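Subject: Structure handover

Hello,

Here is the structure we discussed. Please look it over before reading on; my notes follow below it.

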Amino acid sequence: MPQLGLLRGRAWTVLLGQLRRPPGSVCIRAVRSHSQVAEALFASQLKPHQEKSNFIIKTPKGTRDLSPQQMVVREKILDVIVSCFKRHGAKGLDTPAFELKEMLTEKYGEDSGLIYDLKDQGGELLSLRYDLTVPFARYLAMNKVKKMKRYHVGKVWRRESPTKVQGRYREFYQCDFDIAGQFDPMIPDAECLKIMCEILSGLQLGDFLIKVNDRRILDGIFAVCGVPESKFHAICSSVDKLDKISWKDVRHEMVVKKGLAPEVADQIGDYVQCHGGISLVEQMFQDPRLSQNKQVLEGLGDLKLLFEYLTLFGVAEKVSFDLSLARGLDYYTGVIYEAVLLQTPVHAKEEPLNVGSVAAGGRYDGLVGMFDPRGHKVPCVGLSIGVERIFSILEQRMKTFGEKIRTTETQVFVATPQKNFLQERLKLIAELWDAGIKAELMYKNNPKLLPQLHYCENMGIPLVVITGEQELKEGVITLRSVASREEVAIKRENLVAEIQKRLSES
């Protein structure tokens, strides 16, 4: 009765006691009774295993695994981005994945509800970082850094409803570039926009447009239209939705949900639906109402200077002054910008993919001061690249054209056609590794040659070195090109130099 082995504690003791009694009807009844107990206990032991069979293996909502093929694509994206950041003189920086909760509160406006709070485990209330900007500001204040040009690549977390089709997840990578310090107006800002253009062009995503605005201009518009100052952030958050919903819906939110007077909302609508270039900046300078507002004039002055620098950088045609751009985060204080892909695919076979903005940023001159005990400010401006959205576009392109991707960078495969050559292969591959050559071999003592060659073709490995009895006798190694299948004998001592020569020419 194997079930008995599962009994524990008092039930097992009682059952053993009953079994030791002399044979008789009472004992038999007891055995039957305890047999039922054993079966019940056995069933209870099985229950967790039975429930486990219904367990669904999946990643948490809003997250995903990346296959080796997908990782290759992501690494190429990150390489383009980070190379550009380094080209512009940025230093690398990293911060913890979670921060003290108080460090993140009151920094994101209405989006604060999307922050992931962690259960208190050790006397500190913690939250997963929502972006890389606030931790950077905390770092500057904590270390009393007054000037820095930095880049940061890391994961962030947002507790929102994910839409995988558009590349929106709850866990995703951001790539940030920021310039901290007191400098002459608009020079760092123009460089940030230049960097965005370089990265988006380098990734070959198709046509794009960078929308630019200034929070001072928006606040000035709200003021002259009659928005109470206490509602500035709330109304700004509504305007920020104009790229997703119509003006009619935005107006409805302002009036019905946020209590703004209908006539005030209509006046705002006359402004925030305008967009253009430097000519719109000049036009707004002439607006009789806006020209009386100091904030608006400061913002327009900086935008005019910004467009001059962008023209010198050769990217002004990629930038549009768009009054609907609001960037709902509370910490922005000046110029703000957002890059969107135009619905023109690079190739004819591609379908347009609506992924929203793929890069964004702006000036946040007051954020560092919020962390400094004395309120000392460090002006900052920066940008963030949305890796997941860019990845969605490139992933769709791969599927459309059936592109095959190498998942390894192996350059040479060490093979043999004969038995008992494992030691020779190990010595040979060690020599290649020590020379910095990326090499593999099959983890078998006596592999057959054909599977080894097939592996090279399937993995896209360009070269195979073959050693066997004949090669060992003559002091040579056979070097085979996988693509052409041509073979040549190379002296053993010249092998590394010959491989390096061929790899440099490919």
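I start with helix 5 (residues 133-142), whose buried residues pack against strand 2 (98-100), helix 4 (101-104), strand 5 (148-157), strand 6 (171-180) and strand 12 (380-386). This helix is mostly covered, with 8 of its 10 residues buried. The buried residues are Thr-133, Val-134, Pro-135, Phe-136, Ala-137, Arg-138, Leu-140 and Ala-141. After helix 5 comes Lys-144, which has a positive phi, near 55°.

Please keep in mind that this is a predicted model. The average pLDDT of the protein chain is 87, and 86% of the residues reach at least 70. Residues 1-35 have a pLDDT below 50, and in the model this stretch makes 22 contacts beyond near neighbours in sequence.

On the nonpolar cores: the largest has 79 residues, and the members that touch the most others are Phe-85, Ile-210, Ile-268, Phe-321 and Tyr-337. Another core, of 25 residues, lies apart from it and includes Tyr-108, Leu-325, Tyr-331 and Val-378. As general background, nonpolar side chains in soluble globular proteins tend to be buried together.

Next, the hairpin. Strand 16 (residues 476-481) and strand 17 (residues 487-491) run antiparallel and are joined by 5 bridges. Val-476 has Lys-491 in strand 17 as its bridge partner. The hairpin has 5 residues between the two strands, and Arg-485 in the turn has a positive phi of about 65°.

In helix 17 (residues 495-505), Leu-495, Val-496 and Ile-499 are buried. Viewed down the axis of helix 17, the buried residues fall within an arc of 95°, so they line one face of the helix. Ser-504 and Glu-505 are exposed and sit on the face of helix 17 turned away from its buried side.

Last, the cysteines. The disulfide count is 0. Cys-84 has 1% relative accessibility and therefore counts as buried, the cut-off being under 20%. Cys-192, at 0% relative accessibility, counts as buried too.

Regards

Technical notes. Residues numbered from 1 in each chain as written. Predicted model: local features only at pLDDT ≥ 70, side-chain atom pairs only at ≥ 80, totals over all residues. Heavy atoms only, no water. Core = buried A, V, L, I, M, F, W, Y, C linked by side-chain atoms within 4.5 Å. Buried < 20%, exposed > 50% of the residue type's maximum accessible area, 1.4 Å probe, protein only. Pairing = 2+ DSSP bridges. Helix = DSSP H or I, 4+ residues; strand = E, 2+ residues; numbered from the N terminus. Arc of directions from axis to C-beta. pLDDT = per-residue confidence, 0-100. Contact = heavy atoms within 4.5 Å. Disulfide = S-S within 2.5 Å.
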